[in-house]
Amino acid sequence: MKMVEADRDAALHASFTQEERLATGRHVHLQNNVLTFGCLVEGALDPGRLRHAFLTLQQRHESLRLVFPEQPNGTGGTAELRPPRDTSFHVEQVTSDAPDAGLRQAQVLVAEAAAAPFDLATGPLVRLSCVRITPVLHLVGCVVDHIVVDGESCTVMAAELFRLYSADGPDATNLPSVRTQWAFT
């Protein structure tokens, strides 16, 4: 596949695959349209810092800020970029004192987040949950619509999210600049 630069100031056109999904299944929620991953974090976790890392991750990767407004003719047509939003970041706590039972409860909460449909027209199309199991055990679960990422993207997202979280400041991340973004043509 040949990589080409796109004019990011021009209209963002949905790819063929995105158009197909928008035309045939915009309002259909199927589990195969959702990618979910989780990370078990042992040790203290600062939800405010995780929230900031999540917003920074969205800023770095424009696909995490995409929405697909409905067009008058019912097709997808174009995509729009939105600013990073923390409305899809949730902190929850399980009620069990036993770590094993708490982990099962945390997994259920992430599964419930994955079962909730995304609104492709208004977004956001990514959700991050921080579930406190004990003061030193957390499950961080991410749910994202497949229309904006693929499986490999989830690996990059997880690595960058925790690298951003562990950074001492915005300049301390030393993450390479994002050289490519999702292709819209």
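Is Arg21 buried or exposed, and what is the relative accessible area of Arg21? Arg21 is buried, with a relative accessible area of 14%; here buried means under 20% relative accessible area, exposed over 50%, and partly exposed in between, for a 1.4 Å probe and protein chains only.

The model is predicted, so local features need pLDDT of at least 70 and side-chain atom pairs count only at pLDDT 80 or more, while totals for chains, interfaces and linings use all residues. Residues are numbered from 1 along each chain as its sequence is written, and side-chain values use heavy atoms, with hydrogens and water left out.

**The whole chain**

Followed along the sequence, the pattern reads β-α-β-α-β-β-β-α-β-β-α. Of the 185 residues in the protein chain, 43% are buried. Among contacts with a separation of 6 or more, 74% are between residues 24 or more positions apart; a contact means heavy atoms within 4.5 Å.

**The salt bridges**

Next, show the side chains of Arg21 and Asp145. They form a salt bridge whose closest N and O atoms are 2.7 Å apart, the term meaning a side-chain nitrogen of Lys or Arg within 4 Å of a carboxyl oxygen of Asp or Glu. Asp145 belongs to strand β7 (residues 137-145) and Arg21 to helix α1 (residues 16-25), so the pair ties together parts 124 residues apart in sequence. Asp145 is buried as well, at 2% relative accessibility. The whole structure holds 4 salt bridges.

Move to Arg51 and Asp86, whose side chains meet in a salt bridge at 2.5 Å, N to O. Because Arg51 lies in helix α2 and Asp86 in the loop between β4 (78-81) and β5 (89-93), this pair ties together parts 35 residues apart in sequence. Arg51 is partly exposed at 32% relative accessible area, and Asp86 is partly exposed at 28%.

Then select Arg60 and Glu160, a salt bridge with the closest N and O atoms 2.9 Å apart. Here helix α2, which holds Arg60, is linked to helix α4, which holds Glu160, across 100 residues. Both Arg60 and Glu160 are buried.

**An open sheet**

Select β1, β4 and β3. They make an open sheet of 3 strands in the order β1-β4-β3, with antiparallel pairing; two strands pair if DSSP finds at least two bridges between them. β1 (12-13) and β3 (66-67) stand at the edges with a single partner strand each, so one side of each has no neighbour in the sheet. Between β1 and β4 the antiparallel pairing runs over 2 bridges. To see the two strands face each other, select His13, which stands opposite Thr78 in β4.

Which strand holds Phe37? Phe37 lies in strand β2 (residues 34-42), and at 17% relative accessibility Phe37 counts as buried. Leaving aside residues up to four places away in sequence, Phe37 touches Val140, Gly141, Cys142, Cys154, Met157 and Ala158. A distance drawn between the C-alpha atoms of Phe37 and Thr155 reads 8.8 Å, although the two are 118 residues apart along the chain.

Phe37 also lines the second largest cavity, together with Phe54, Leu57, Leu128, Cys142, Met157, Ala158 and Leu161. A cavity is a set of points, on a 1 Å grid over the protein atoms alone, where a 1.4 Å probe fits but cannot get out, and lining residues have an atom within 4 Å of a point. About 30 Å³ of space lies there, a volume being the space filled by probe spheres set on points joined across faces, edges and corners. Helix α4 (151-166) and helix α2 (47-60) each supply at least two lining residues, and the largest share, 3 residues, comes from α4. The lining has 8 nonpolar residues, no polar and no charged ones; Ala, Val, Leu, Ile, Met, Phe, Trp, Tyr, Cys and Pro count as nonpolar, Asp, Glu, Lys and Arg as charged, and the others, Gly among them, as polar.

**The largest cavity and Pro124**

Finally, turn to the largest cavity, which contains about 40 Å³ of space. Its lining includes Gln58, Arg65, Arg82, Pro83 and Pro124, and by class has 6 nonpolar, 1 polar and 3 charged residues. Centre the view on Pro124, in the loop between α3 (99-115) and β6 (126-134). A cis peptide bond joins Gly123 to Pro124, with omega about -10°.

Notes: On a 1 Å grid over the protein atoms alone, a cavity is a set of points where a 1.4 Å probe fits but cannot get out, and a pocket is an open set with protein on both sides within 12 Å along at least five of seven lines; lining residues have an atom within 4 Å of a point. Helices (H or I, at least four residues) and strands (E, at least two) are DSSP runs, numbered from the N terminus.
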